[in-house]
Each structure stands twice: as C-alpha cells, then as structure tokens.
Amino acid sequence: MNIKLTSPAAVAAALAGLMATAPVLAADYVQAPGAGSHLAFATKYDGEVFTGKFPGFSTKISFDPANPAAGTLDVTIPLAGAETGNGDRDSTLKTADFFNVAKFATARYTAKGFTKSGDKYVANGTLELRGVSKPVTFTFEWKPGANPELKGKATVKRLDFGVGQGDWNDTKTIPDETAISTVVKLQAK
C-alpha cells in the first residue's frame with residue numbers, strides 16, 4: 001500500500017494511527033520515599049504469634065497490568081534493621097543462627113514475568129537469603145494511578161535458607177513457614 005502524505009495534518013493523523021496500534025510498554029516505578037510502605041513478617045515462638053518488620057527495604061518494579069508477563073520486580077532488604085518490638089529477639093535475629101548479618105547484610109527478591117490470577121498477579125521469583133537462592137511465589141494486588149500501590153503476600157520456609165540453626169531449627173518452637181506481607185507506595189522512575 002502506497003500512501004501519499006501531502007499535509008502536516010495527514011502526517012499527524014498517520015502517526016496517531018500508528019501509535020494507537022503500538023504495544024503498551026511496562027512503566028518503571030521505584031518505592032516512594034517517606035511513610036506508607038512496609039515489609040512485615042509473622043511467625044510463632046512457643047505457640048505465641050509475633051510480628052516484625054524490615055525498615056529500609058527498597059523496591060523497583062516494571063509493570064503494565066495489560067501485559068503482566070513483561071513485568072519485573074526487585075526488592076532489597078537490609079536484614080540488620082529487623083524489628084520485632086523485643087530487643088532480645090531483635091539481637092538474636094542478627095546472629096549467625098538466624099540472618100547472620102555480619103556475613104549476609106541483605107536479602108533480595110527478584111522476579112521476571114507475572115501471571116494474572118483473578119484480580120491478583122503472581123510472581124514466581126527467587127529469594128536470596130543467607131547466600132541461598134530458592135523459588136518463592138509472591139501474590140500481589142495492583143492499585144493503579146499516578147502513584148500506584150502494590151500490596152502482596154508470600155510464604156517463606158525459613159529452614160530452606162538456614163534461618164534458625166542449632167536448637168532453633170526445631171519447628172515445634174518456631175514453625176518453618178513465615179508469612180510475609182507488604183504494601184509498597186510507588187512513584188514513576
């Protein structure tokens with residue numbers, strides 16, 4: 001097909017038509033500074049539930065809800081800052097028996113390509129913790145807008161990563177499964 005474009009209006013109309021059929025590319029976002037984002041965990045110790053959080057974590061995501069398969073996620077988690085509201089427990093989490101922050105200062109979760117499941121998205125990514133990399137599934141909701149929000153959950157088996165050495169590997173004292181939850185306020189990169 002041979003089209004002659006004789007006026008600026010015809011050129012603009014042709015470009016608009018081409019752009020309307022172009023694929024939508026994923027947008028890049030970073031975690032917005034300030035309050036509002038959190039990364040938390042929950043487990044039990046001797047049958048009592050306790051929770052904690054990881055202040056200072058950072059998130060980067062490339063995401064288009066119309067094309068989740070093109071998405072990527074990268075979360076960096078500084079382990080030394082883990083807070084549970086109990087000073088003794090917080091100190092213990094830093095030791096070689098748990099996070100071993102002297103040797104492994106951060107954990108990292110990365111995922112490429114998401115799938116849609118109902119009104120949620122699923123990331124089958126990799127968690128690197130204590131020098132061990134294992135698959136972890138992260139399920140999240142996406143609230144679109146100028147400053148989107150990601151809200152998600154995962155379950156991590158701590159013993160897969162060597163978290164809880166020696167007497168602490170007893171799952172009667174501390175269960176193997178730890179619930180992870182997050183809310184991330186985002187801004188365009």
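This is a predicted model: local features need pLDDT of at least 70, side-chain atom pairs count only at pLDDT 80 or more; totals for chains, interfaces and linings use all residues.
Let me begin with a definition: buried means under 20% relative accessible area, exposed means over 50%, and partly exposed is what lies in between, with a 1.4 Å probe and protein chains only. By that rule Lys185, at 33% relative accessibility, counts as partly exposed, whereas Glu149, with a relative accessible area of 16%, is buried.

Residues are numbered from 1 along each chain as its sequence is written, and side-chain values use heavy atoms, with hydrogens and water left out.

Now to the salt bridges, where a salt bridge is a side-chain nitrogen of Lys or Arg within 4 Å of a carboxyl oxygen of Asp or Glu; by this rule the count comes to four. Lys185 and Glu149 form one of them, with the closest N and O atoms 2.5 Å apart. Lys185 lies in strand β11 (residues 177-188) and Glu149 in strand β10 (residues 149-157), so this pair ties together parts that are 36 residues apart in sequence. When I speak of strands, I mean DSSP runs of E with at least two residues, numbered from the N terminus.

Another salt bridge joins Arg108 to Asp74, again with 2.5 Å between the closest N and O atoms. Here Arg108 belongs to strand β6 (residues 106-112) and Asp74 to strand β5 (residues 72-78), so parts 34 residues apart in sequence are tied together. Arg108 itself, at 40% relative accessibility, counts as partly exposed.

In the pair of Glu141 and Lys120, the closest N and O atoms are 3.9 Å apart. Glu141 sits in strand β9 (residues 132-143) and Lys120 in strand β8 (residues 120-129), which places the partners 21 residues apart. Glu141 is partly exposed at a relative accessible area of 36%, and Lys120 is partly exposed as well, at 32%.

Turning to strand pairing, two strands pair if DSSP finds at least two bridges between them. Which strands does β11 pair with? Strand β10 runs antiparallel to β11 and is joined to it by nine bridges, and in β11 the bridge partner of Lys153 is Ser181. Strand β2 pairs with β11 in the antiparallel sense over five bridges, with Leu39 standing opposite Thr182. Strand β1 (residues 27-31) is also antiparallel to β11, through three bridges, and there Tyr29 stands opposite Ala188.

Elsewhere, four bridges join the antiparallel strands β7 (residues 114-117) and β8, and Thr115 has Val122 as its bridge partner in β8. The hairpin of β7 and β8 has two residues between the strands, and within it Gly118 takes a positive phi near 65°.

Finally, the interior: a nonpolar core is a set of buried Ala, Val, Leu, Ile, Met, Phe, Trp, Tyr and Cys residues joined through side-chain atoms within 4.5 Å. The largest such core has 37 residues, and those with the most contacts inside it are Ile61, Phe99, Tyr109, Phe140 and Trp142. Elements giving two or more residues to this core include β2 (38-45), β4, β9 and β11. With contact meaning heavy atoms within 4.5 Å, and residues up to four places away in sequence not counted, Phe140 touches, among others, Phe63, Phe114, Tyr121 and Leu150.
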